[in-house]
Every structure is written in structure tokens, then in C-alpha cells.
Number of protein chains: 2
Amino acid sequence: MAGIADVARSAGVSKSTASRALTGSGYVSDETRARVRAAASALGYVPTMWAVSLATGRTNTVGVMVPSLDRWFFASVVEGIQSALLTDGYDLVLCCAPPGSDSRRRMFAHSLARKRFDGLIAVGVEPDETEREQLAAFARPIVSVGHDGGAMSISIDDRAAARIATEHLLGLGHTDVVILGGDPDGRRTSVGDGERLLGYRSAMTDAGLGAAARHIPCEVSLPGGYGAAVEMLADRRTRPSALVGVCDEVAVGAMIAARRLGVRVPEHLSVVGIDDHSYADMFALTTLQQRPDEQGRTAARLLLDMLAGEVAPPRHLLEAPRLVVRNSTAAVSDAASAIVGASRRRT
Amino acid sequence: MAGIADVARSAGVSKSTASRALTGSGYVSDETRARVRAAASALGYVPTMWAVSLATGRTNTVGVMVPSLDRWFFASVVEGIQSALLTDGYDLVLCCAPPGSDSRRRMFAHSLARKRFDGLIAVGVEPDETEREQLAAFARPIVSVGHDGGAMSISIDDRAAARIATEHLLGLGHTDVVILGGDPDGRRTSVGDGERLLGYRSAMTDAGLGAAARHIPCEVSLPGGYGAAVEMLADRRTRPSALVGVCDEVAVGAMIAARRLGVRVPEHLSVVGIDDHSYADMFALTTLQQRPDEQGRTAARLLLDMLAGEVAPPRHLLEAPRLVVRNSTAAVSDAASAIVGASRRRT
DNA sequence: TTGTAAGCGTTATCAG
DNA sequence: CTGATAACGCTTACAA
């Protein structure tokens, strides 16, 4: 409860000197500074942050908008942001609301307007028209993660990721490769799913397989991928020989579906995902790695730099995805022998 | 950028009247109030929250401590809290750090001391001695979720949940049932894993099977459960006939391990979890349901009530777990025929 | 019912 | 190098 006045009195100096000594701004003799510091810690002095904010105009707080927390990507990004902010003594106020929800509208109307934070990190947020205006009115630094929202953004190269995934499959000789996940039209999905669809399509057409390109939409989640895959794999006519998941969660869902239906991965079905989710290793899923926690950390540092007054030019950081080959993909030529091997093993 | 002074001027009243009209405290004629309100919204006035805080001493912010976000339970609780707070116009500052981490120490030292929030919700936090003191020094309302931390807490009845899970298995005729997940000694785990172990043990001893009780420790996560289960199930001598997962993530991990090893669930192995995770349905996992988002909402409302001055007596809300029977458990007598059926199907 | 004036705890300005 | 003194934007006695 001790205020700076107490510290000043106890150190035998004025409030202003105490303030200078503590904040490190302005001239203070080393000796005085030491005395003030000692007094402060003796009294357990901690500046009252809202008083500081009122005086300085800065809040030492950044806002983080995110559609939900129960997806690995979002949770990891937020954790990354948190850890980077903590280092600089910044607090993080969470604004978590799914797009189109009532909460989301309130978030934008309410929290942004209060200018409660010095800057904002938007994770997987695709603002609609109204929201875009509100963001502009916010008039403070914004950096976005997971898509190309604002002037400043960080994400993996979603298109390249999907392209590489597809080409990996193509390179193994597959011709019937589908992409699983996302909305039917490939819009309104978060985290660059649209881009991923594009990457897939371009890889297919480049291989002269444009006509064979097939998008199986489904909710972007493990159960979502599972459900759609069960349906698709159950029917021999719709079953592809390879599949790229719009993200690992969907891909893993598909693998589980395959296992349940007795479709062996990778012998009968090759699967590749995008993300390198924490489950990927356990499922031996070949995938394109991204590091959401690192993206979060980078976003936070970028924002802090901007807040520190460094006028960085607008830029879009595109993390290059790295192909991690595990054991969910196989060449088509192997398929036949693998099947033979499998059935031999069974009998 | 319009301040209350602008509103006052534009409405032709004094700052104090404007303030009263807007906050609703004190006498203002209806007519004046209307005029002020109009002026405020015309100017797009939004009170600067740190000025309000400085004047009132309240911050309209609550802190949420949580060990991590990438577990379903935590993420869901936080989402629940967020939604409840939003309704009351409260902001949520996130303090996310795993126990024992450097970040965690900073959180406690730094964020709590700044008295940055009016109250705190601790989710799955088991404070050590130092931390307990710091929490006490915080001197503001605290409610905890997921264990019996403070004066006010919310959780499911973990012990009952594990007991019911175990009894369900026992009732199906199983005698070799193990519990999977958590630390070797059953301590230092979050979310009441210790309690769950106790519930399991008491159910076993009550059934005269105390000597047969077996705890397989593992990291409380899907991969954790998977890894431990692979090891345990691979050896016929260590393979139990039934298994209760300390939570659904572990249980699902075990089911995946079982599938991979050709151990059929429920024919060869019965599995029950605790949580009713979003994956539970897809795996047809029998489990004991809890609703973390509801717990979060309840916690938030409780805290807000306390902040509103309602002196609620300290209490520990124990949500009763509900058994959701799906398809991961079977009676032992069925096992033999099931195995026969299965092998017949294979040949 | 309304206005005046005094804070709330810091920082920032500007003389000393 | 240090110390008064004035902000910061709002609320709240207290007086009118």
C-alpha cells in the first residue's frame, strides 16, 4: 500500500526525485538513487499501474483477440505471446470470441474503444467490414498472426505449405489426392485455410491434375475431420489414395477414421497434414511444420518494438514451412505389396 | 478522444453532472440525463478506464491464472470465464504459466503485486508455500477452479468421479482394473488428479481388490497416455482388462494405443475416462462428464458477486459428475465371445 | 437538482 | 542534480 510519497519521505527526497530514481528517467545522483531504491524495496513499494497510465498515457498492456482457445494453434500462439510480454512486464488482456458471435461484437465495440491497451495482437481474426473500421479507429499498433490482416502480420506461408504437401504426395505417384477441411467455398475460415486450398489447387493443376482436384469440406477440428473422413472413406468409390488435411487436427481425425474402417495408413491411404501439432508425432503424421508459439513471441516482440517507437515498415513475415516426413505417406507403387504384406500378416 | 469535459460542455452542464448522469450514481433530472447521454453518444465518448480506476479504486478487471492453455479443460474454463465477464463489462487479464516456471514466479511477484485486477480466478493452480503467501498478500477476492485451493472453489467431485468410473468397471465384472495418468506419487498434478487416484483406490479396496490396485503414472495428455499405454498393453502380463484414465485425454491416448496394438476396445480392454472431452464422443468413450465452461462461468459470477460486495460464505462447490455410457466398456463375460467374433471376422 | 473543488498516485515541466 | 507544481481524466463530498 506504500505510495511513492512514502518512499520519498523515507528516503528524504521529494516525490519527483523518487520518481526519477525509480523510473530511471532524468538525472539523479547515484547515491540518491541507491537510497531511494533501498527505501522502495524496504517498503515493498509497487507503483500503482493505473496512476502510471493516467500520467504517462501508456498502459503496459496489450490486447489479444482470438476466436477460440480450444484449438492447438490459437492456444499455442497465445502462450507464446504471453511469455514474450511477460519478459517486458506487459500484461495481456484476452479477448476471446468466435466470429459472428454476440461476444465478438461486444469485444470490438467495448474493449477496443476503451483504449485499454497500447496495442493489439489479432490471432486468426478475419475482420468483417464493420470490424475493420473499428480496428482502424483503434488507432494504435496492431499486428496479426495467422493471416494477412493488417499492415503487420505473421504467419506461415499457407499456400506454400499446402503446395508442398500436395507435391509430396504427387511425388510419391499419387494422382487421386483430395484436400480435407474448411468451408465449402474456402472462405470465412480462419488461419489461412483459404490460402491452403489455393496452394493445393495450384499444385494439382501444375501437375495436370486440375480436374481431379477435390475439396472435402468439414469443420476444422479433429472430430470434424474424423466425421468427414468416415463418410468419404467408407465408400470405395469416393476413397482417394492420398489426402492432405487442411491442418493436422483434421488429418489426424482422418487417420483415426481410416483405422476404424480398416483402411491402413500409409498402405491404403497416404495422409499429410499442416502444423506439426503435438499429436503429429504420436500418429507418425507427415506434416508441414509451423511453430505457433514462436509466431506468438515474434508478434509480441514486433508489437513491443512498435510501442517503443521504432517505426518499422509494414511487413508480412512469412515463415517458411518445413516438411517433416514421418510415416503416414507411402509411394503408390508400394501400396500393392504393402497390402499383400498386411494381409499375409493377418492370416 | 472526447473526454467527459467535452460531453459536459456540449450538454451544457458541469463535469460532475455529466459524470452522475453517465454512471447513474447521484441525483440527475431525467431531462438532463437524457441530454448528457445524447451528447455522450454523439461525441462517441468512452470513459478512460485508468482514470476511472484511479478515481474509484476499481479496475473492472479480473486476473485469470492458469498453468497452460493447450489442455482442453483449461481452455474451456477460460472461455467460460471470458464469456461471463464480458456480460458485466469486465476485462480479463491472462496469467498463463506452468508451475515451477520462471514465468510463474514472475506472475506471482509481478502481476499480483501490481493490484492490477479486482479479483483473481485461479484455474488448476496448486500454490506452493511462497505462492500461498503471495496470494494472501493480494488481499482481494479469489476463487479457484479445479481444486480446493482457496476459500472459494469450484470443481467436480474428483474423488466421486474416479470412484464411479471404477465401480462401473467393477460392476461389469472386471477385477484387473488400473488407473492411468498423473505423477507417480499422485501429488503435484493439477486438476485434482490426486483426488481421482484416491477415488479409484477406495473403490478398489471397497471391492476387496485393494491389493490389485495399480497406478500407471504418465504425463496427463493424449500423447502421454498413448505412450504409457503402448508400453503397458504390449506385454500380455501387464495388460489389464480395464482401465480408467485420469482424464479423457489420457483415456483416448490409451484407446489409440490399444488400436495400434490390435487390442480391441471394448472387447479386450474396457476404458473409461473423466471429463467428457470434445473427443470423447468420437471415440465412443464412456466417461464422467464435467462442464469446464460452466465451471468457468460460475467462478466468474461468484467473483463478480463478491466484488459487488455480497459477502458470500466460503464454500466449495462440487459439481456432481454424470456417467455417460458410450461404447468403450463391456462386461468381462462378453469378452470371450467378442474375441471369438473378432477372430472369426478376420479369417 | 446542479456546480465547485478536492482528490486518486504518478509523471513531467520548469525553475532553482 | 533536486524540488515545487501542474497536469492526467474522472469521481465524489460538499456547498449552493
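A:F74 is buried, at 2% relative accessibility, where buried stands for under 20% relative accessible area, exposed for over 50% and partly exposed for anything in between (1.4 Å probe, protein chains only). A:F73 also comes out buried, again at 2%. The rings of A:F73 and A:F74 make an edge-to-face aromatic pair, with 5.7 Å centre to centre and 70° between the planes. Rings of Phe, Tyr and Trp (its six-membered ring) pair if their centres lie within 6.5 Å, with planes under 30 degrees apart called stacked, over 60 edge-to-face and the rest tilted. The structure has 5 such aromatic pairs over all chains.

Another of these edge-to-face pairs is A:Y279 with B:Y279, at 6.4 Å centre to centre and 75° between the planes. A:Y279 sits in the loop between strand 9 (270–275) and strand 10 (286–289) of chain A, and B:Y279 in the loop between strand 9 (270–275) and strand 10 (286–289) of chain B, so this pair joins two chains. Both tyrosines, A:Y279 and B:Y279, are buried.

All of this is a predicted model, in which local features need pLDDT of at least 70 and side-chain atom pairs count only at pLDDT 80 or more, while totals for chains, interfaces and linings use all residues. Residues are numbered from 1 along each chain as its sequence is written, chains are lettered from A and ligands numbered from 1 in the order written, and side-chain values use heavy atoms, leaving out hydrogens and water.

Chain A itself has 13 helices and 12 strands, taken as DSSP runs numbered from the N terminus (helices H or I, at least four residues; strands E, at least two). Its C-alpha atoms fill a box of roughly 90 × 45 × 35 Å along the principal axes. Of the 347 residues of chain A, 53% count as buried.
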